[in-house]
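The entries follow the order in which I looked things up.

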Amino acid sequence: MSDSVVDVIKSLTREVPDFPEPGIQFKDLTPVLADRNGLAVVTDALAEIAAGADLVAGIDARGFLLGGAVAHRLGVGVLAIRKGGKLPPPVHSQTYTLEYGTATLEIPADGIDLAGRRVVIIDDVLATGGTLAAAGALLAASGAEVPIAAVVLELSGLGGRDKISPLQVASLQTI
């Protein structure tokens with residue numbers, strides 16, 4: 001990714017020590033999204049990665065913001081991949097393991113035909129990979145082709161990229 005994109009992300013990302021637990025250095029992208037230039041630069045870079053998509057899927061919750069902006073830029077629709085229990089039935093769901101339990105992602109089972117559609121997943125951070133892997137599996141099981149996922153920030157030390165194989169991922173910044 002170009003130095004200017006990385007520079008913008010670095011300059012606006014807030015580091016929060018010991019959140020959500022001691023020893024974690026949380027990377028808060030909220031200031032990037034709240035900044036007019038930051039949002040534009042990130043949206044443009046993610047849209048370049050997602051070019052050719054029929055639909056953009058944003059993961060709950062910051063992925064909704066980014067996914068909507070990217071979809072608008074590309075002139076396609078956006079699909080919200082929700083946390084379990086947030087959508088009315090019927091839903092397609094995918095449960096996955098977290099370091100502290102399990103979680104579920106859902107998409108509507110009615111009203112959106114994903115069969116054969118090229119759906120690009122957008123999210124803010126790739127950390128341990130569980131959420132992104134589950135989103136890819138959920139979309140693939142629903143008939144979508146998922147050529148790539150794109151994230152703003154990848155935390156390489158947590159091994160998330162290894163857990164999402166064979167899903168391809170592009171990150172704007174890797175730390």
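**Entry 1, helix 4.** I checked the length of helix 4 against its residue count. Helix 4 has 13 residues, which should span 18 Å at 1.5 Å a residue, and its end C-alpha atoms are 18 Å apart, so the two values agree. I keep in mind that this is a predicted model.

Next I looked up which residues of helix 4 are buried. They are Gly63, Leu66, Gly67, Ala69, Val70 and Ala71. I then asked what covers the buried residues of helix 4. The cover includes helix 2, helix 3, strand 3, strand 4, strand 7 and strand 8. Just after helix 4, I noted that Gly75 has a positive phi of about 75 degrees.

I repeated the length check on helix 3, residues 36-50. From first C-alpha to last, its 15 residues reach 21 Å, close to the 21 Å expected at 1.5 Å a residue.

The buried residues here are Gly38, Val41, Val42, Thr43, Ala45, Leu46, Ala47 and Ala50. Among the elements that cover them I found helix 1 (3-12), helix 2 (30-34) and helix 4. Strand 7, strand 8 (149-154) and strand 9 (169-174) are also part of that cover.

How many salt bridges does the structure hold? I count seven in the list, and I looked into three of them.

I started with Arg14 and Asp28, whose closest N and O atoms are 3.0 Å apart. Is Asp28 buried or exposed? Asp28 has a relative accessible area of 9%, and the cut-off for buried is under 20%, so Asp28 is buried. Arg14, at 46% relative accessibility, counts as partly exposed.

I went on to Asp60 and Arg82, which form a salt bridge with closest N and O atoms 3.4 Å apart. Asp60 lies in the loop between strand 3 (55-59) and helix 4 (62-74), and Arg82 lies in strand 4 (residues 77-83), so the pair joins parts 22 residues apart in sequence. Asp60 is buried at a relative accessible area of 16%, whereas Arg82 is partly exposed at 23%.

I wrote down 35% relative accessibility for Arg62, which is partly exposed, and 7% for Asp124, which is buried.

Rolling a probe the size of a water molecule over the atoms shows where empty space is left. I looked up the largest pocket and found about 1,200 Å³ of space in it.

Which residues lie nearest its centre? They are Phe26, Glu99, Tyr100, Ala127 and Thr128, out of 32 lining residues. I sorted the lining by type and got 17 nonpolar, six polar and nine charged residues.

I also noted where the lining comes from. Strand 2 (25-28), strand 5 (91-98), strand 6 (101-108), strand 7 (119-126) and helix 5 (130-141) each supply at least two residues.

Notes: Residues numbered from 1 in each chain as written. Predicted model: local features only at pLDDT ≥ 70, side-chain atom pairs only at ≥ 80, totals over all residues. Heavy atoms only, no water. 1 Å grid on protein atoms, 1.4 Å probe; cavity = no way out; pocket = protein on both sides within 12 Å on 5 of 7 lines; lining within 4 Å. Points joined across faces, edges and corners; volume = space filled by probe spheres on them. Helix = DSSP H or I, 4+ residues; strand = E, 2+ residues; numbered from the N terminus. Nonpolar A, V, L, I, M, F, W, Y, C, P; charged D, E, K, R; others polar. Salt bridge = Lys/Arg side-chain N within 4 Å of Asp/Glu carboxyl O. Buried < 20%, exposed > 50% of the residue type's maximum accessible area, 1.4 Å probe, protein only. Expected span 1.5 Å × (residues − 1). Contact = heavy atoms within 4.5 Å.
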